Amino acid sequence: MSTTDPDAPGALLGPADVRALAAALGVRPTKQRGQNFVIDANTVRRIVRTAEVGPDDVVAEVGPGLGSLTLALLETADRVTAIEIDDVLAAALPATVAARLPERADRFALVHSDAMAVTALPGPAPTALVANLPYNVAVPVLLHMLATFPTIERTLVMVQAEVADRLAAAPGNKVYGVPSVKANWYARVRRAGSIGRNVFWPAPNVDSGLVSLVRRDPPKTTATRAEVFAAVDAAFAQRRKTLRAALAGWAGSAAAAEAALVAAGVSPQARGEALTVEEFAAIAEHRPV
């Protein structure tokens, strides 16, 4: 194991390390890719601890950037596979790992790809997903990874605070919506902490939050996930309307939507923000064919 002294060779990246690496690579963080690099070693240690990463875990990381979180994960996990879309960052990360954690370099793999296009990872199947997700693609990337890799039992993602609130919201909450319902299909979801702006370079204009997701069995239903998610999308596309009205297009008519709702035991006058994922599954089962 490497030392955790921030000034020692092979240790985690500090602010000066991050800026020096970026300068050497000619990297300027871009808003287009939502790049904000973590420069605080205590924060990445906290993320690894909160994620409950252990020595048997195979961790998938999305958007490793310069490697701040990657190194902390490698110190603890059995293996880490990082998925990076940026050409320059992807090319540099293996060298950073080899230089700072040489004794763990054989436990690291890099996939140079858009995470949304990844359907397989090298090595053993991942047991955990831990990532500082770019704000602009956080929800689709999270849902794609959970759908594609059912072996992922535990997830901890750092996302924009507002996104964290949406993911962890319960039915009846004003920010409960499509991300909340779909995340609940896969996992028990909770807010796992807040992250200030000063641990990033450049500092973002928003605060960040940690979201924990622990895999659970999906609702028992004869409807497919795609069918359930179609009902969810329809309900929230017009979230101010009653479900009878919002699901009219999905069901073929308002009357057909009402029939499906009644059959599912849901009030036609309810709104999507009041329903659990199990209730959406029941509605999907009764969609007219």
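Predicted model: local features only at pLDDT ≥ 70, side-chain atom pairs only at ≥ 80, totals over all residues.
Are W185 and F229 buried or exposed?

Let's start with two helices. Find α2, residues 41-50, and α3, residues 68-76; their axes come within 9 Å and cross at roughly 50 degrees. As for the hand of the crossing, α2 and α3 cross in a right-handed way.

Which residues in α2 and α3 meet? From α2 we have V44, I47 and V48, and from α3 they meet S68, L69, A72, L73 and T76. Sorted by class, this contact of α2 with α3 has six nonpolar residues, two polar ones and no charged residues.

Now for the rings. A pair of aromatic rings is described by the distance of the centres and the angle of the planes. How many aromatic pairs does the structure hold? There are five aromatic pairs, and I'd like to show you two of them.

One is Y176 with F236. Their ring centres are 6.3 Å apart and their planes sit at 70 degrees, so this pair is edge-to-face. Y176 lies in the loop between α6 (161-168) and α7 (178-186), while F236 lies in helix α8, residues 225-237, so the pair ties together parts that are 60 residues apart in sequence. Y176 has 2% relative accessibility, so Y176 counts as buried. F236, at 9% relative accessibility, counts as buried too.

The other pair is W185 with F229. Here the centres are 5.8 Å apart and the planes are at 75 degrees, so this pair is edge-to-face as well. With W185 in helix α7 and F229 in helix α8, the pair ties together parts that are 44 residues apart in sequence. And here is the answer to my opening question: W185 is buried, and F229 is buried too.

One more thing about rings: ring pairs link Y176, F236 and F280 into a cluster.

Let's finish with a proline. Where is P150? Look in the loop between α5 (138-148) and β6 (154-160). P150 has 56% relative accessibility and therefore counts as exposed, since the cut-off for exposed is over 50%. If you follow the chain, P150 and P126 are 24 residues apart in sequence, and in space they are 8.8 Å apart, C-alpha to C-alpha.

Terms used: Residues numbered from 1 in each chain as written. Heavy atoms only, no water. Helix = DSSP H or I, 4+ residues; strand = E, 2+ residues; numbered from the N terminus. Buried < 20%, exposed > 50% of the residue type's maximum accessible area, 1.4 Å probe, protein only. Axes fitted to C-alpha atoms, helices over the stretch in contact; angles between N-to-C directions. Left-handed = near helix turned anticlockwise from the far one by under 90°. Contact = heavy atoms within 4.5 Å. Nonpolar A, V, L, I, M, F, W, Y, C, P; charged D, E, K, R; others polar. Phe/Tyr/Trp six-rings, centres within 6.5 Å; stacked < 30°, edge-to-face > 60°.
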